[in-house]
Amino acid sequence: MTQLDRRRFLAGATATAAAALAAPRAHAQKSGGTLRFVAQADLKILDPVWTTAYITRNHAYLIYDTLFGTDDKLQVRPQMVDKHSVSKDGMKYTFTLRNGLKWHDGQPVVAEDCVESLKRWMKKDRFGRLLAAHTAKIAPADRRTFTLELGERFGPVLEALGKPSSNVPFMMPARLAATSADEQVKEIVGSGPFRFSKDEWQPGNQVVYVRNPDYVPRNEAASGSAGGKKVFLDKVIWRYMPDHATAAAALAAGEVDWWEIPPLDFIPKIEQDSTLATFLPDPLGTQGWLRPNHLHPPFNNKKARQALVHMMNQETYLQAAIGVAKYYRPCHSVFACQGPYRSTAGAEGLARQNLERARQLVKESGYDGRPVTVVHVTDIALLNGAALVTRELLGSIGFNVDLKAMDWSTNLAVRAKKDPPDKGGWNIVHTWWMAADVMHPAVHFGVSGAGPGAWFGWPEIPQLEKLITDWVRASDQARRKQIADEVQKIALDEVAYVPWGEYVLPTAFRRSVGGILKFIAPLFWNVSIA
Amino acid sequence: MLAEVLRRLGATIPVMGVVAIAVFALLHVTPGDPAVIIAGDYATTDDIARIRTRLGLDQPFHAQVAIWLGRIVRGDLGTSIFSGLPVSTLIGQRAATTAWLTLFAMLISVGVGVPIGVLAAWRKGSWLDRGVMMFAVSGFSMPTFWLGFILVYVFAVTAGWLPVQGYQPLAAGLWPFLRHLILPAVTLSVVYMALIARMTRASMLGVLDEDYIRTAFAKGLAPRRVLVRHALKNASLPVVTIIGIGFALLIGGAVVTESVFALPGLGRLTVDAIVRRDYPVIQGVLLVVSGVYVLINLVVDVLYVVLDPRIRY
């Protein structure tokens, strides 16, 4: 069943991608023009280190550059860095910046800027904090060179510096990077291929970016956030359209050129229009989560949590949440199924629903019949569907369920509460994470067992924390894979969370748009408009 | 009269004060926390606590009220928690769109609603009257968002005569400005057009039975002159009241229209701020809008005196 589903999914996704993939590249790329883009959300926060919001990350890819990029095969490649070397013992990294890099205020990019930017990022980001904990010293060596000396072995240094998703280690001038990581930077000055037009920014309506004429791209083909960031557009205007029907009509009427994430029910209509095309920019997809709260009964009991694994039927969740089979796939791995750490270790229970076993575990857990509070987000279709399936399944294995309906914003506040469910807290929440954020143990919040320091749900599983440290200290890929398998086994046995499958979301654009790159975020270099 | 206007203006200050405190209190008892939204999905509880402290959200309610009121007295509406932009700047960016939309919608509502209401009353019981009443009932019943989408489909997507969405300031030229306002203003106006037509008809029916109207007709005055100069003027007090209330309702109703047509107005600013719990923006906008409501009521009261000199305050 699983193999069939995956094949069916891949066939559908490949067909969609193949049909659309050619479209963005169908015409010769010409310079100039303004691209009007409907963004997935309203850009309110401009500092990509201060927040982890995807919309801010996407904005930052236009403004800021990175030391390393990640290509469409998930390989880390130099971007601002011209060359780098590692000492024989693997404990000292030396990075030399490319010539001619300039900030948008005209100042040259120097090594000190990068050092300060990395220090700020290391205070906020999970992978960055891990790297900081293993770093003895990071300092400029000359104007274009800086060194990173490890105090303890840390294998994935380049993966950390080329991390593609939030928080991305974007480079800023040292004077701005000196801002506390808990404060927003006051100026938006990067060295990326576009400049932010602050005077034209209208939160809730539009964001405007103009080409950076001083940007010097690498002399390589663009691939993901790696390679040459050649800019063909003069201007990019992001529009925020809260109403999907309006965005669809604006795209059809040619008032906008590219719609980042149309809801799936709009896709058939878009595909019927010969002037429009769709494309899967992130085939790695997104993973759905069911997260139990480890602090309160009944899920402070391991057996009650294990019942959640045995009740899981990913196909049911995906049907309810996504609905269109070609856009989803069951994935019985805590790590992204299209990534290098995909695993079946310890996933037998997850792969085959066994309601009888789940009922037995609920009984063995000593469940006393108190209501299980499931947060029900009603204004996001996929979370709405997932919560309804959870209610049915929990009921069928013997739990009494209290479905608490609320909007997404209220859910964000509620899930941060550690109070018991009858005092405003919760037992189960649903959410999603992009595959890039569940790719390996150092970025995956779901496999953190740091207790109060873990993501909401606060599982305290010291073995996981130790294994994650072992993972970053491992220097060869085979050993890392072995540790990742072990992480998965423990995460599923302790039920840190329960994944309910993966899905992909197409983007839609007018056929006059060419050169859209595959990546987790919309990129605007390499893109042209006829 | 002038003294009365000044007295009423002075009375708006305590009203605004009560509104301000009520808005602040209501916002702080509703669930939601801007700190968790700012922190994003990967934030830990500690990250959120740090942001709450930095924003002053961990202070007691009375301390937050005092800080906010102190700023208001100094004319400072505060700064958006998210964008870091002053609330006055955000309101300034949006006010013109909502003002023009509301004004155009009201012009259309009055320009169409009053004449058809007068005609319906004059031809009471005729097909014209029934037609106007049918329009009034359906206009009042049609959801604004539905009508908006129908108009977009017909006039923008199918015919291509008008744009689907967006706003152009007057500085961009008269025609681009008008093109972008026609569909939203018509969408917003229909419900008020229907309301004004019904109210005008009902009010005119009461007046048309009066002896002085019969006398005017008996004198041989033209029907148009009797209807407009004699009947409508005396029937206009309830209509003016409805127009005043309608103006206030239009500002609220603009939220849906602004969303359907992706117009950057105050309505959408408010909704976006509510969704994110951007307290300073919500408080600032509601304070400004409540001030506008109070002023509209004042203008309506002044108009009563102009239309009927017997009224004294």
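Reader: Which residue of chain A forms a salt bridge with B:Arg277?

Author: A salt bridge is a side-chain nitrogen of Lys or Arg within 4 Å of a carboxyl oxygen of Asp or Glu. Here B:Arg277 pairs with A:Asp407, and their closest N and O atoms are 3.7 Å apart. Between chain B and chain A the count is one salt bridge. A word on the model: it is predicted, so local features need pLDDT of at least 70 and side-chain atom pairs pLDDT 80 or more, while totals for chains, interfaces and linings use all residues. Residues are numbered from 1 along each chain as its sequence is written, chains are lettered from A in the order written, and side-chain values use heavy atoms, without hydrogens and water.

Reader: How do I read the area buried between chain B and chain A?

Author: The size of an interface is often given as the accessible area lost when the parts come together. The loss is taken with a 1.4 Å probe and summed over both parts. For chain B and chain A that comes to about 3800 Å², with carbon and sulfur atoms giving 54%. In contacts (heavy atoms within 4.5 Å), 41 residues of chain B meet 50 residues of chain A.

Reader: And which residues have the most contacts inside the largest nonpolar core?

Author: In soluble globular proteins, nonpolar side chains tend to be buried together. A nonpolar core joins buried (under 20% relative accessible area, 1.4 Å probe, protein chains only) Ala, Val, Leu, Ile, Met, Phe, Trp, Tyr and Cys residues through side-chain atoms within 4.5 Å. The largest has 248 residues, and those with the most contacts inside it are A:Leu35, A:Leu67, A:Leu131, A:Tyr209, A:Trp238 and A:Trp500.

Definitions and conventions. Buried area = accessible area lost by both parts, 1.4 Å probe. Buried < 20%, exposed > 50% of the residue type's maximum accessible area, 1.4 Å probe, protein only.
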